[in-house]
Amino acid sequence: MGIKAMMDVKRCQKPTKDIKDIFVFLQVFSCEGGIQSYVQDVLRTYSHLVGHHPSRTADIFLLRDSQNCDNPFDDRSSGTSPLKFHYMQTQPLWLGRIRLAGALMAGLLLEKPDRVFCGHINLAPLIRMLCEPLGIPYTVLTYGKEVWEPVPKPHREALQHADRIWTISRYSRDLACRANHLDPDKFDLLPCAIRGELFTPAPKPARLLEQYNLHNSQVLMTVARLWSGDIYKGVDVTIRALPKILQKFPNVKYLAIGRGDDRPRLEKLAEDLGVADRVIFAGFVASEDLPDHYRVADAYIMPSQEGFGIVYLEAMATGIPVLAGDSDGSADPLQDGELGWQVPHRDPDAVAAACTEILLGGDRRCDGEWLREQMLAEFGMDAFTRHLQKLLK
C-alpha cells in the first residue's frame, strides 16, 4: 500500500471516543463515616484507573462540601487531574439543592456524559428527572439501611428506572429488592475494601496497655457508634455476655471504642451486671490511631446488623479474629463464616460461647497470618480495583 493510501486509511479510522462520567454525592470530605470512607475508595481507585486512560474524565458534584474541605483528590494546581470537583455547599440548604440542579443540568447539556453515578438515594429523584429526558443512563450507589425499608415513591421509582444499582453486599441487595420491588439482576456488587498497608499485625502497643490498664488481660474490642438509635451494634449484648466469659477467662476486659448518647445506659448496664471494672469506654479515637487500638485486641466482637461492616476487615487485616451477627451483610467480609464467627446478634449466650472458642484458640480463624492473607485476597485494594474496573467497562 502506498503512502497516500495509508494516509487516507488513517484519516478514515474512527478516533478513540472520549468518555465523560458525572458523579453526584451528598457529602464526602467534610465529615467522617463508613459511606464517606467507601466513596473515597471509589474516587481514589477511579482516579488511578482513568489516569492510565486520558480519554476518560469525570466531574464530581458535592452538595454539602465546600471548596475549603480537605479533599486529597482535588489537584487543581496541576490542571491534568481526570477529576474536576464542583462544591455546592450553600446556606440555606435548600438553595444548595437549587444550585446543584442548575449546575447538573448545565453539565448534562454541555458535556453530554456517558453515565451519571448518583451517590445517594436522596439524590436519585433529581438525577432521574434530569437524566431521563436526555436519554443518559444513571447508576445509583446504595450502601445499607437507607434502602432496607420502603423508600418514598419518587426514590423508589428512581431506583426502578436506574440503568444499574451498585451496593456493598448480598444482604443489602436482597433487603433493598424486597422492600422496594427492585430487580436483583439490576444490581452489581462493589464490596468495601481495606488498605492493607495501614492495618497490619504488630505487638500490642505498650502505651495503650498502660493507658487502658490492660496489662495481663485478654482484650475483647468493638469499634462502633454508641448512639441510642444504633443499639443494633451489639455493645450491650457483649456486656451481657461478659459474666459467662469471665467464668472461664477472669482476666478478660472489654474495650469499647466510640462515642454517643447511649454510653450512660451502657455504663449502667455494666454496673448492674457487676462488670463495670471489666469494661473500658475509650470514647472517640482518631482514624490514624485505630490500627494501634486493633493491635491491643485479642478478638474483635460486634454482634451487629451491618450492611457490610468494614471494621471486620480492619480487624482481620490486623490479624485479629472476629465475631459478627449471623443474618446481615457481615456474611460477605466473613465469607459466610469461613473467616470468622457468626452468631445470633441479640443472644448474649451465643456471644459468650463464641468468645470462649476464640480465646481458647486452636481454630484456623484465629491464625492471624492466614486470616489477613485470605481477607486481603478478597477485599484488599487490588481486589477492589478489579471489581471497579469490571463495573466501569
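Aspartate 74 sits in the loop that lies between strand E2 (56-62) and strand E3 (83-87), where strands (E, at least two residues) and helices (H or I, at least four) are DSSP runs numbered from the N terminus. The model is a predicted one, in which local features need pLDDT of at least 70 and side-chain atom pairs count only at pLDDT 80 or more, while totals for chains, interfaces and linings use all residues. Residues are numbered from 1 along each chain as its sequence is written, and side-chain values use heavy atoms, with hydrogens and water left out.

| Residue | Relative accessibility | Class |
|---|---|---|
| Aspartate 74 | 15% | buried |
| Leucine 109 | 45% | partly exposed |
| Tyrosine 143 | 5% | buried |

Not counting residues up to four places away in sequence, aspartate 74 touches Phe85 and Tyr87, a contact being heavy atoms within 4.5 Å. Its side chain also makes a polar contact of 2.6 Å with the side chain of tyrosine 87 (a pair of N or O atoms within 3.5 Å; within protein, one must be able to donate a hydrogen and the other to accept it, and residues adjacent in sequence count only if both atoms are side-chain atoms).

Tyrosine 143 belongs to the loop between strand E5 (138-141) and helix H5 (153-161), and a polar atom of its side chain lies 2.6 Å from the backbone oxygen of glycine 119. Leaving aside neighbours within four places in sequence, the contacts of tyrosine 143 include Phe25, Tyr38, His120 and Gly307.

Leucine 109 is placed in helix H3 (residues 93-111).

How values were computed
Buried means under 20% relative accessible area, exposed over 50%, partly exposed in between (1.4 Å probe, protein chains only).
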